[in-house]
Protein chains: 2
Amino acid sequence: MKISNTKNKRPTLQDVADLVGVTKMTVSRFLRNPEQVSVPLQTKIADALEDLGYIPNRAPDILSKSKSHAIGVLLPSLTNQVFAEVIRGIESILEPAGYQTMLAHYGYSKEAEESRIATLLSYGVDGLIISESYHTERVRKMLSVAGIPVIEIMDSVSPPIEQAIGIDNQAAAYAMTQFMIQRGRQKIVYFAARMDQRTLFKIKGYEAAMHDNGLAPLCLKTNSASSFTLGAKFLKDALQQQPDTDGIFCTNDDLAIGALYACQKAGIKVPEDIGIAGFHGHDISRAMVPLLATVITPREEMGRLAAEHLLSRLQGNPVSQRIIDLPFQIEAGESI
Amino acid sequence: MKISNTKNKRPTLQDVADLVGVTKMTVSRFLRNPEQVSVPLQTKIADALEDLGYIPNRAPDILSKSKSHAIGVLLPSLTNQVFAEVIRGIESILEPAGYQTMLAHYGYSKEAEESRIATLLSYGVDGLIISESYHTERVRKMLSVAGIPVIEIMDSVSPPIEQAIGIDNQAAAYAMTQFMIQRGRQKIVYFAARMDQRTLFKIKGYEAAMHDNGLAPLCLKTNSASSFTLGAKFLKDALQQQPDTDGIFCTNDDLAIGALYACQKAGIKVPEDIGIAGFHGHDISRAMVPLLATVITPREEMGRLAAEHLLSRLQGNPVSQRIIDLPFQIEAGESI
DNA sequence: CCATGTTTTGTTACACGTAACATTATCATA
DNA sequence: TATGATAATGTTACGTGTAACAAAACATGG
């Protein structure tokens with residue numbers, strides 16, 4: 001029997017056991033199922049645990065059972081409101097199920113994505129929820145070798161590694177563009193930032209709708225992050241390149257709101273002079289004046305579903321549906 | 001020597017070693033310092049690693065060296081914009097330093113905080129960044145027993161467990177209230193949601209400023225989360241309880257913006273009829289029309305500093321400064 | 001070609017909790 | 001009281017990477 005540690009390392013089961021005068025196995029039993037231990041020991045062990053402030057250590061479990069009870073969640077960004085809501089959805093399911101989420105983000109960089117996935121796997125996550133539909137060969141290999149369930153979210157079109165839950169961004173953008181055209185808009189400009197896969201899909205949908213109606217698309221693009229300020233800047237650019245612009249469709253609400261404010265400052269009336277539409281339908285778009293036209297996406301539900309399907313897979317169930325395509329909704333608001 | 005695993009478990013160092021025909025120790029050496037291994041083996045091992053798609057496993061390290069290279073970050077909420085920016089600050093430092101952040105949140109519940117901290121510690125995090133200044137006895141005990149550096153953020157007033165980095169919320173609220181009064185506001189109402197420690201400090205500051213100017217404070221409170229909609233609801237309540245309200249100071253920008261929109265809808269002119277101020281100075285408050293009066297807080301810097309000080313502590317340096325009080329800034333905007 | 005030093009590779013043990021098996025204590029019943 | 005059954009506790013081994021030590025392979029100089 002070892003003497004209780006003198007170094008001020010955090011206490012182990014052995015330390016607790018030494019204090020009580022039993023083996024660590026007995027303490028371990030108490031922790032998993034107190035009934036398995038004699039009544040007098042139960043109190044003694046409970047006291048010792050309390051005394052020493054014992055905190056369990058997951059490392060041996062991860063080591064021997066390859067079960068960490070942690071789920072890796074990898075998203076392009078954490079500051080984007082969209083992902084914050086997805087996370088909320090994920091956690092609302094995982095947390096009550098006793099899983100810890102390990103959150104990581106990669107700032108839309110493919111190399112960073114590789115390294116983040118490697119890190120998450122090195123911590124032995126039991127499953128992974130990742131974003132985007134395009135992944136490098138290396139990432140695909142790592143995921144296949146890891147042998148854990150993987151769910152891709154945000155996009156419902158590209159063939160998933162195993163299972164995808166998302167929306168059809170292209171169809172959503174097509175629908176909104178079509179809607180604007182029906183409302184009489186002709187010179188609609190698309191504002192795009194952060195040129196990821198989803199944005200490209202949206203641009204495709206926008207261009208298809210314009211084309212189908214015999215209209216000329218004009219798309220302002222940048223690789224930098226979207227912001228209110230960027231929306232304002234884009235508005236200026238749009239009016240310069242196409243002075244008779246009568247509609248603006250933005251890849252997200254932030255750009256749309258920024259453009260809308262810029263219009264207000266410039267004395268351009270919305271929706272009389274220019275109609276503006278956003279994408280996602282965040283809280284603010286549902287509260288502002290005028291109410292923002294937007295595509296409402298089920299962000300929180302997407303997270304919830306992803307977590308639910310992941311848990312189901314962890315319980316041994318097979319992939320029930322490779323692609324889950326969630327509905328979006330066109331919200332007319334007052335800005336169109 | 002073991003025969004390579006037939007089960008499709010993820011490959012271990014042993015699998016790689018078997019493939020090359022050396023011991024795992026040699027492979028381990030190659031991973032840590034390739035020079036330590038003979039040149040012909042270097043390529044062979046590299047190939048084998050690539051072939052098998054080897055992903056390192058941190059569990060043994062956590063077990064034997066108690067070093068996870070992971071930092072726990074525990075915040076009350078993830079969806080709140082404030083914390084998103086704090087996280088960005090934290091990650092901007094930790095990620096390049098090779099640390100993985102383990103993010104958790106507790107929805108402002110003290111019991112949840114306890115359990116999240118226990119979880120984070122059970123994963124062997126090397127350090128902890130937590131929010132709020134009040135913690136249960138249990139939490140304090142766990143942290144002391146864990147023996148890892150802990151940094152508290154958001155608040156710079158309460159005596160920290162070890163080290164705190166934040167702002168003086170009470171002073172900030174006092175300053176903004178004083179500023180509104182100087183601008184001629186007399187019947188200022190405070191909107192408070194999510195009654196956490198920081199909100200209580202802000203209310204104190206507001207009430208002190210009102211009192212020092214011989215004015216009667218009126219504070220609308222709720223425990224639920226803040227939102228634009230709540231700001232609108234509070235505006236209605238305020239006008240009902242005090243019809244001649246001429247100023248509104250909100251515990252955050254969301255409430256303020258919600259109130260501002262509600263004014264616009266109700267035909268109340270801002271700032272002519274009512275002055276409105278928020279707290280934090282998020283992007284949108286700096287872009288909207290009218291520009292929102294707000295207290296600008298150094299959210300991202302707070303995160304950066306917390307991470308930097310934590311890293312310094314991990315390198316063995318002592319606490320340099322128990323409390324780091326960051327400056328805030330009164331932004332007049334156009335809504336006051 | 002030997003002795004010595006250096007480089008390269010191998011061996012052993014360890015961190016901690018628990019499954020699986022082994023042993024001891026306790027109890028009821030013949 | 002002896003016996004078998006059951007309850008309570010103990011022992012051993014394991015998972016994976018690496019530090020510490022040991023051994024082997026190789027190089028250098030006399």
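This is a predicted model: local features need pLDDT of at least 70, side-chain atom pairs count only at pLDDT 80 or more; totals for chains, interfaces and linings use all residues.
Chains A and B bury about 4800 Å² between them, and the structure holds 26 salt bridges over all chains.

**Where the chains touch**
- On the contact count, 58 residues of chain B meet 58 residues of chain A.
- Of the area buried between the two chains, 60% is on carbon and sulfur atoms.

**Polar links across the interface**
- Between chain B and chain A there are four salt bridges, and 23 residue pairs are in polar contact.
- Chain B's side of the contact splits into 29 nonpolar, 15 polar and 14 charged residues.
- One salt bridge pairs A:Glu95 with B:Arg116, with the closest N and O atoms 2.9 Å apart.
- A:Glu50, B:Glu114 and B:Arg138 join up in a network of salt bridges.

**Salt bridges within a chain**
- A:Arg198 and A:Glu132 pair up at 2.6 Å, N to O, and they bring together distant parts of the chain, 66 residues apart. Both A:Arg198 and A:Glu132 are buried.
- B:Lys187 bridges to B:Asp244 at 3.9 Å, linking two loops 57 residues apart. B:Lys187 counts as partly exposed because its relative accessible area is 32%, and B:Asp244 is partly exposed too, at 46%.
- B:Lys233 and B:Asp237 meet at 2.8 Å, N to O, and they sit four residues apart in helix α10 of chain B, about one turn of the helix.

Conventions
Residues are numbered from 1 along each chain as its sequence is written. Chains are lettered from A and ligands numbered from 1 in the order in which they are written. Side-chain values use heavy atoms; hydrogens and water are left out. Contact means heavy atoms within 4.5 Å. Buried area is the accessible area (1.4 Å probe) that two parts lose on being put together, summed over both. A salt bridge is a side-chain nitrogen of Lys or Arg within 4 Å of a carboxyl oxygen of Asp or Glu. A polar contact is a pair of N or O atoms within 3.5 Å; within protein, one must be able to donate a hydrogen and the other to accept it, and residues adjacent in sequence count only if both atoms are side-chain atoms. Ala, Val, Leu, Ile, Met, Phe, Trp, Tyr, Cys and Pro count as nonpolar, Asp, Glu, Lys and Arg as charged, and the others, Gly among them, as polar. Buried means under 20% relative accessible area, exposed over 50%, partly exposed in between (1.4 Å probe, protein chains only).
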